[in-house]
Amino acid sequence: MHTQNVNVAASESSKTWVKSQGKPADNLVFVRVDTGKIFSQAITLKDGSIVAVFNFETLEELQLQYGDMALMTESEADALFCTRLFRPWEEITEARWIDQLTVLPPLDWKSTPAGETFKCSEMYSGKVTHIFAHIRGRYFECRDYASKKHADLVLSAVLAMTGNNTH
């Protein structure tokens, strides 16, 4: 089958995507903001309109069906999804600390006079994992990017100790 044009009926209008005339829209994706999940990749049609590859609908058309739909870069979508997984520091027991330290080999275990931190080597989702801190005889846990540095983790755990609950 040799077709030059693919016609797709959109919710209230028709769009034509001519082979090799649709191109990726600068790594843009359509995202459901409420869940942080990607709905579809985006492409730019010859007329300049940006549509979802999934159904060739524009952002405005998609928002009629999904009020929380947004168009953003893939990196923005990734950050949106990951930040929904974050959990602030909370105080835990020494038993929880020891259990998590010994259940799997710790990731990035660091100890300095300011405190001790390690990360769970099993990711919670994507780049996000459980992180543990031992500061001045107290134990804490949060969920954040596995790439966070020891000094930043100690500082944020100390701020949580002082009541400025942060991650």
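Helix α4, which covers residues 150–161, has 12 residues and reaches 16 Å from its first C-alpha to its last. That span is close to the 16 Å expected at 1.5 Å a residue, where the expected span is 1.5 Å times one less than the number of residues. Helices (DSSP runs of H or I, at least four residues) and strands (runs of E, at least two) are numbered from the N terminus. The model is predicted, so local features need pLDDT of at least 70 and side-chain atom pairs count only at pLDDT 80 or more, while totals for chains, interfaces and linings use all residues. Residues are numbered from 1 along each chain as its sequence is written, and side-chain values use heavy atoms, with hydrogens and water left out.

Several residues of α4 are buried, among them His150, Leu153, Val154, Ala157 and Met161. Buried means under 20% relative accessible area, exposed over 50%, and partly exposed in between, with a 1.4 Å probe and protein chains only. An α-helix has 3.6 residues a turn, so residues three or four places apart point the same way. The cover over the buried residues of α4 includes strands β7 (87–92), β8 (107–112), β9, β10 (128–135) and β11 (138–145). Just after α4, Gly163 takes a positive phi of about 100 degrees.

Gln100 counts as buried because its relative accessibility is 15%. Its side chain is joined to that of Asp99 by a polar contact of 3.1 Å. A polar contact is a pair of N or O atoms within 3.5 Å; within protein, one must be able to donate a hydrogen and the other to accept it, and residues adjacent in sequence count only if both atoms are side-chain atoms. Leaving aside residues up to four places away in sequence, Gln100 touches Phe118 and Phe132, a contact being heavy atoms within 4.5 Å.

The protein chain as a whole has 4 helices and 11 strands. Buried residues make up 38% of its 167 residues. Cys120 counts as buried because its relative accessibility is 11%, and Cys142 because its value is 2%. A search of the whole structure finds 0 disulfides, that is, pairs of cysteine sulfur atoms within 2.5 Å.

Finally, confidence is expressed as pLDDT, the predictor's confidence in each residue from 0 to 100. The mean for the protein chain is 84. Confidence is highest in strand β9 (residues 115–119), at a mean of 97, and lowest in strand β1 (residues 5–9), at 38. Over residues 1–21, pLDDT stays under 50.
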